[in-house]
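Here is a friendly briefing to read alongside the model. Keep the viewer open as you go through the topics.

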Amino acid sequence: MAKIHADIKKVYKPEKPFVILPLELMYSPAWKTQSINCRKLMDFLLIEHMRHGGFENGNLLATYDQLEEFGIGRQYIHRIITEAETRGLIIAERGGRKGYTNHLSRYTIT
């Protein structure tokens, strides 16, 4: 199975990557009522997904520094990740705290 996935990566390299958001998602209360910072988080993760050719969902990284640079206040980031998880938009596998471990949080767009 991993070999097939690797072969697809070699063959499918879109010049202009894109993501598809299902109509059901866009009409859902989870999507329509998300906070502006939650939307920024989703935009960041969707961009990361596209930057990796659509093959790294479940292994998307977003550091606090990256999210802050993207426009989310550092003091809101933890709360926004929790909001996105509660709404069912992402699954976050949280890494360790800075200075205690080198494991980064990884995200899956659901």
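This is a predicted model: local features need pLDDT of at least 70, side-chain atom pairs count only at pLDDT 80 or more; totals for chains, interfaces and linings use all residues.

**Met-26 and its surroundings**
- Setting aside neighbours within four places in sequence, Met-26 is in contact with Leu-21, Trp-31 and Lys-32.

**The chain as a whole**
- The protein chain has six helices and three strands.
- Along the sequence, these elements follow the pattern α-α-α-α-β-α-α-β-β.
- Of the 110 residues in the protein chain, 25% are buried.
- Looking at contacts with a separation of 6 or more, 54% are between residues 24 or more positions apart.

**The sheet and the helix across it**
- In general, the strands of a sheet pair through backbone hydrogen bonds, in either a parallel or an antiparallel way.
- Here, three strands form an open sheet, and their order is E1-E3-E2 with antiparallel pairing.
- Which strands are at the edges? They are strand E1 (60–61) and strand E2 (90–93), each of which pairs on one side only.
- Strand E3 covers residues 106–109, and its antiparallel pairing with E2 runs over four bridges.
- Within the sheet, Ile-90 stands opposite Ile-109 in E3.
- Helix H6, made of residues 77–86, lies across E2 and E3. Relative to E2, helix H6 runs at about 130°.

**The second largest pocket**
- As a general point, rolling a probe the size of a water molecule over the atoms shows where empty space is left.
- The second largest pocket has a volume of about 170 Å³.
- It is lined by 14 residues, and those closest to its centre are Ile-20, Leu-21, Leu-46, Ile-109 and Thr-110.
- Two of these names have come up already: Leu-21 is in contact with Met-26, and Ile-109 is the residue in E3 opposite Ile-90.
- Which helix gives the largest share of the lining? That is helix H4 (residues 36–51), with three residues.
- How does the lining divide by class? There are ten nonpolar and four polar residues, and no charged ones.

How values were computed:
Residues are numbered from 1 along each chain as its sequence is written. Side-chain values use heavy atoms; hydrogens and water are left out. On a 1 Å grid over the protein atoms alone, a cavity is a set of points where a 1.4 Å probe fits but cannot get out, and a pocket is an open set with protein on both sides within 12 Å along at least five of seven lines; lining residues have an atom within 4 Å of a point. Grid points are joined across faces, edges and corners, and a volume is the space filled by probe spheres set on the points. Helices (H or I, at least four residues) and strands (E, at least two) are DSSP runs, numbered from the N terminus. Ala, Val, Leu, Ile, Met, Phe, Trp, Tyr, Cys and Pro count as nonpolar, Asp, Glu, Lys and Arg as charged, and the others, Gly among them, as polar. Contact means heavy atoms within 4.5 Å. Two strands pair if DSSP finds at least two bridges between them. Axes are lines fitted to C-alpha atoms, for helices over the stretch in contact, and angles run from 0 to 180 degrees between N-to-C directions. Buried means under 20% relative accessible area, exposed over 50%, partly exposed in between (1.4 Å probe, protein chains only).
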